[in-house]
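Below are some notes on the model, for reading alongside the sequence and the coordinates.

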Amino acid sequence: MGSRTLTGPQLFLLGGSFLITLGSFAVLPYMSVLLHDRFGLGLDVVGVVLAVASLVQFSGGVVGAALAARIGLRATMLVALAVRTAGFAAFVPGLTRPVVAVAALFLVSCGAALYLPANKAYLVAGCGHERRPGLLAASGSAFNAGIALGPPAAAPFVLTSPAGLFTGVAVLFALVGAGHVLLPSVADETAGGPGALKVADEVRAVEEDGAVAGAVAGSRLPPFAFTVLAVYVFMFFQHYLALYAVPRTSTAFYGAVLMGYAILLVVAQPLLARRLAALPYAVALRLGFGAMAAGTAVLALGGRAGIAVGAVLLCLGEIVLFLKNDLEALAGSAAPSATVFGRQRLAAGLGAFAAAVVGGQLYGVAERAAAVPVFWLVVSAQAVVLPALLVVWAGGAARRRAGDGPVAAHRPR
């Protein structure tokens, strides 16, 4: 089998990833409308419900990783899909009972939290480090294709016949779950396997020698923290572009930008995966955060050209940072891969939650001051300053570790 050949289970997981996000995003983007207009909840309550549900969906990945360590990857995916199926089915009686609808949303969020770490770990199980970038990029493309197609596919039904939509999505999840029953069981291995252990031994030897302490310190930039920052910056774009773009252009143009963004993400990420894997982490961080800083600064120009170009730059930043952070987290940890992906989901949840809290305050201040473009300049400045501060902190921490280590006192002069 060639190094680039996908196995049957991997093909199934990629196809399942597309169907899962297709079904999920046929419903979830419309939850604010459904909770407010259909279920009669106040906007303040809707905001709290959606914020908590998002935090559960992201941060609950650590629970999914722990469950995978106890019962296995396939079993965890089956539990997760059963929970999500029950959640979407519960939306049907929830159409007349708001409490049931909110409970259904949290079931769906819990299922998502449990599923993704096990899904990614299963996808890369038994694969060498050279295959991981392509597999993770293909997984991201499958998820993003479903994200792009789900909302327009559901638009004709979400308000006119929501019961039929919820039932259809529940059936889709049940069928995908049934397919997971046929997957063979695999063991979740350590992130790197024997090769990674060999590299770790070599790094320790170099540290003891003291020859390239600076290079080693540079390689210890914390992927968890940079994932928090990457998602934090990105979610300003995700949350507030609609408020900014629609009054300045049109809903049709905004929809076209989102569709173009999704297509670029789906196509470019697999094409760039190997090159991104080969980039030094520090270089990837500069490129990724640089693209996000430039993109949010261009958004401040407004107009169709500024919004379109800004979206393209932010898409490139997402491609670089989201994939490279996962690869670095895998390469730098001896923990099972499901645990690594669970931690990365936790990082994403923290970043998304912080962006929701901070972004609302910043956008409100800019709007009251009739200076909304300044909001994007503030975001751009954060994309430059916060990663730089984190690099300085990580370098200082690495130097302190080197100075406090047992070999420091015996290092040859």
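1. The loop between α15 (337-368) and α16 (372-404) contains A370. This is a predicted model, and in it A370 has a positive phi of about 55°, although A370 is not a glycine. A370 is also exposed, with a relative accessible area of 71%.

2. How many salt bridges does a search of the whole structure find? The search finds 1. The side chains that meet in a salt bridge are those of K120 and D326, at 3.0 Å from N to O. K120 lies in helix α6 (residues 98-124) and D326 lies in helix α14 (residues 303-331), so the pair ties together parts that are 206 residues apart in sequence.

3. Are K120 and D326 buried or exposed? Both are buried; that is, each has under 20% relative accessible area. A370, by contrast, is exposed at 71%.

4. The largest nonpolar core has 107 residues. Helix α11 (residues 223-248) gives the largest share of this core, with 14 residues. The residues with the most contacts inside the core are L35 and F91.

5. Which residues is F91 in contact with, leaving aside its neighbours within four places in sequence? They are V27, M31, A101, A104, L105, V108 and F166. Among these contacts of F91, A101, A104, L105 and V108 carry numbers that fall in the range of helix α6 (residues 98-124), the helix in which K120 lies.

Notes: Residues numbered from 1 in each chain as written. Predicted model: local features only at pLDDT ≥ 70, side-chain atom pairs only at ≥ 80, totals over all residues. Heavy atoms only, no water. Helix = DSSP H or I, 4+ residues; strand = E, 2+ residues; numbered from the N terminus. Buried < 20%, exposed > 50% of the residue type's maximum accessible area, 1.4 Å probe, protein only. Salt bridge = Lys/Arg side-chain N within 4 Å of Asp/Glu carboxyl O. Core = buried A, V, L, I, M, F, W, Y, C linked by side-chain atoms within 4.5 Å. Contact = heavy atoms within 4.5 Å.
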